[in-house]
Amino acid sequence: MTRPLRLTTVALSATAALLLTSCGSDDEPSKGDDKIAGADQGSEKSSSPSEPAEAVADRPKIELPSDVSFTFDWAKTGDKTKDAVLADREQAIQTVDMAIAEKDPVHKAMRFYHEGDAAAAAQKYIQAYVKAQARTTGAYRYFDATVTADGAGAALTYCEDQSKVYDKYLKKDKIEKSPATKNSYVLYAAELRKSKAGAWVTTKLNATRGSDKCQP
């Protein structure tokens with residue numbers, strides 16, 4: 001099966017590309033009709049998505065299927081700006097799976113938290129699921145966040161555990177499962193900026209599947 005790799009770019013560059021790899025091997029692309037193509041840390045941890053750290057008008061409501069969950073095992077920093085970056089990235093991550101579930105590649109919530117290269121990559125990623133008549137299911141976990149930020153820009157790295165996340169094919173009502181591998185763990189590097197609405201939006205995103213930094 002193809003395990004979701006979320007929003008993946010080859011590098012923090014102007015070109016975005018989705019890299020969905022097979023669960024069964026480190027780099028082999030998926031094949032067949034059923035495959036989807038295409039901080040500083042303090043002491044307080046959050047086991048569930050945080051509320052956005054800053055009051056921003058017209059934030060989209062996050063609504064996900066009951067079989068999709070997110071755990072953010074990273075600590076608040078105590079710095080207002082950095083914690084706002086972390087909280088808004090949490091929101092951004094969830095909007096992609098919401099857009100997949102609602103079969104909307106240009107979902108308003110996704111576009112609220114993504115701009116530029118990241119938005120373009122997200123749209124392609126979501127569209128791949130829509131075309132395959134599939135969506136994500138399972139439990140995501142995020143950890144080891146490091147964030148740097150100033151008034152206008154921010155950089156964030158973090159790990160994702162996809163070992164309990166799968167693809168659900170809607171037409172067949174079938175969930176494709178396989179054992180977790182090294183590639184179930186992904187290192188992300190994100191660039192963010194503050195939007196006119198006052199939210200921290202992701203503009204670029206780089207992913208390294210199977211990173212040694214994120215292995216259990």
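What is the mean pLDDT of the protein chain, and what share of its residues reach 70 or more? The mean pLDDT (the predictor's confidence in each residue, from 0 to 100) is 80, and 74% of the residues reach 70 or more. The model is predicted, so local features are given at pLDDT of at least 70 and side-chain atom pairs at pLDDT 80 or more, while totals for chains, interfaces and linings use all residues. Residues are numbered from 1 along each chain as its sequence is written, and side-chain values use heavy atoms, with hydrogens and water left out.

Of the 216 residues, 52% count as buried, where buried means under 20% relative accessible area, exposed over 50%, and partly exposed in between (1.4 Å probe, protein chains only). The protein chain exposes about 9,800 Å², of which carbon and sulfur atoms supply 48%; accessible areas come from the Shrake-Rupley method with a 1.4 Å probe, and for residues only the protein chains shown count as cover.

Helix α3 comprises the 17 residues 116–132. At 1.5 Å a residue the helix should span 24 Å, and the 25 Å between its end C-alpha atoms agrees with this; the expected span is 1.5 Å times one less than the number of residues. The buried residues in α3 are D117, A118, A119, A121, A122, Y125, I126, A128 and Y129. The packing partners of the buried α3 residues are helices α1 (80–101) and α2 (108–113), together with strands β2 (134–149), β3 (153–169) and β6 (200–209).

Just after α3, Q133 takes a positive phi of about 55 degrees, although Q133 is not a glycine. Q133 is found in the loop between α3 and β2 and, at 41% relative accessibility, counts as partly exposed. A positive phi, near 55 degrees, is also found for D144, a residue other than glycine. D144 lies in strand β2 and counts as partly exposed, with 32% relative accessibility.

Aromatic pairs were counted by ring geometry. Rings of Phe, Tyr and Trp (its six-membered ring) pair if their centres lie within 6.5 Å; planes under 30 degrees apart count as stacked, over 60 as edge-to-face and the rest as tilted. By this rule the count comes to 12 aromatic pairs. One of the pairs, F70 with Y142, is stacked, at 6.4 Å centre to centre and 10 degrees between the planes. F70 lies in strand β1 (residues 68–73) and Y142 in strand β2, so the pair ties together parts that are 72 residues apart in sequence. Both F70 and Y142 are buried. W74 and Y158 form an edge-to-face pair, with 5.5 Å between centres and 75 degrees between the planes. This pair links distant parts of the chain, with W74 in the loop between β1 and α1 and Y158 in strand β3, 84 residues apart. W74 is buried at 3% relative accessibility, and Y158 is buried with a relative accessible area of 1%. One aromatic cluster is formed by F70, F72, W74, Y140, Y142, Y158 and Y188.

The charged end of R141 sits over the ring of F143, 4.3 Å from the ring centre; the criterion is NZ of Lys or CZ of Arg within 6 Å of the ring centre and within 35 degrees of the ring normal.

Two further residue pairs are described by C-alpha distance. E191, in strand β5 (residues 185–194), is partly exposed with a relative accessible area of 29%. The C-alpha atoms of E191 and K204 are separated by 5.1 Å, and the two residues are 13 residues apart along the chain. D173 is found in the loop between β3 and β4 (174–176) and counts as exposed at 61% relative accessibility. D173 and A134 are 39 residues apart in sequence, with 9.1 Å from C-alpha to C-alpha.

Notes: Helix = DSSP H or I, 4+ residues; strand = E, 2+ residues; numbered from the N terminus. Contact = heavy atoms within 4.5 Å.
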